[in-house]
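Work through the exercises below with the sequence and the model open. Each task is followed by a solution in steps.

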Amino acid sequence: MTAKYLKVELIGGLCNKLFCFFSAVDIAIKNGYVLVEPEFGWKVKVNMSQVWNVDKLRSGLPELKWCSLAEFKTVEVMMNADKVLYKSGAELWAYSEDILKGQRATRILKRNEDVCCRVLAVLEPATCVMDAFKGVHADGYVVGVHFRTESDWQAYSVRKQRRMPVNEHCWTSNEDICKMVIGEFGIGCELYIVSGEHGTEICDILANDGVKCEYNYKTELEYEQNAAMHWYLCCRAGGGFVGLSRSTFSNLICLRRELDRVDGGCWIYNYWSDGEKKIHRRVDAGLQPEAYNSITQVTNII
């Protein structure tokens, strides 16, 4: 019997695409479909294998049937239409949200069963990305900080803030984030900065306070290739990670760190109890998007 192929669309930013990808993997494995390599890329389409290490991914999920995009294009013209199943990004996102709804309610993740855990546990940037960042690391006592302060997020936050729970702030300025991080980790901390728009500006703010920091963006790489490496570096940062609970990027960093049992903990800057601007320690392994839940509802990984 001829294999049936699953061709998918991934939507949103880097980690929204990953949630869609989790759905695609789950659907492919459960139905025995051959998953066609999807595309990533924010400004330019990039094959997944140019962003993530697909060989390592496949070795961690041996039951996943896989077809590179190049291989698929050579057989597609000879294939009957009924042999290809298409899933839109909207369908995959809804599928993911249904799974997350149950996980958030039980506050349990299964390390060896849940697809999100299995994929994340072996996820690392593609070799071409790692080579471009050769010599850059965030091990030791470095604290990774995700500054979600891009102009698109600020515009989104204006609308979202009207429905925010008490004490939660969807958007926080670069200056306030810097002050909160210094307030928790001290002036002598060493930071690795992740930002889609303001990296150099943020480093200037921190340098004025005498804080050592590093920011890297490789212009020869596509935007999401850079983001994949930024994500990976924050997953490994030995001093801790600071982000926000409303970001899929921050949340998947927290989950990967919990899976790897990385020291330093995860923190958020988008919850100000009684107006006090300070970061709070997460206990949810990145599962809860609502800020208060992320610092009060413990997730168990079994």
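The exercises cover a sheet, a helix and a loop residue. The model is predicted, so local features need pLDDT of at least 70 and side-chain atom pairs count only at pLDDT 80 or more, while totals for chains, interfaces and linings use all residues. Residues are numbered from 1 along each chain as its sequence is written, and side-chain values use heavy atoms, with hydrogens and water left out.

**Exercise 1.** Find the order of the strands in the open sheet.

Solution. Strands are DSSP runs of E with at least two residues, helices runs of H or I with at least four, both numbered from the N terminus. Two strands pair if DSSP finds at least two bridges between them. The order of the four strands is S5-S2-S1-S6, with parallel pairing. S5 (65–67) and S6 (84–87) each have a single partner strand, so one side of each lacks a neighbour in the sheet. S1 and S6 are joined by four bridges; Tyr 5 has Val 84 in S6 as its bridge partner.

**Exercise 2.** State which residues of helix H7 (residues 151–160) are buried, meaning under 20% relative accessible area with a 1.4 Å probe and protein chains only.

Solution. The buried residues are Trp 153, Ser 157 and Lys 160. Their arc around the axis, taken from the directions to the C-beta atoms, is only 65°, so they lie on the same side of H7.

**Exercise 3.** Locate Ile 11 and list its contacts, where contact means heavy atoms within 4.5 Å.

Solution. Ile 11 lies in the loop between S1 (5–8) and helix H1 (14–31). Leaving out residues up to four places away in sequence, Ile 11 touches Asn 16, Lys 17, Cys 20, Gly 89 and Ala 90.

Technical notes:
Buried means under 20% relative accessible area, exposed over 50%, partly exposed in between (1.4 Å probe, protein chains only).
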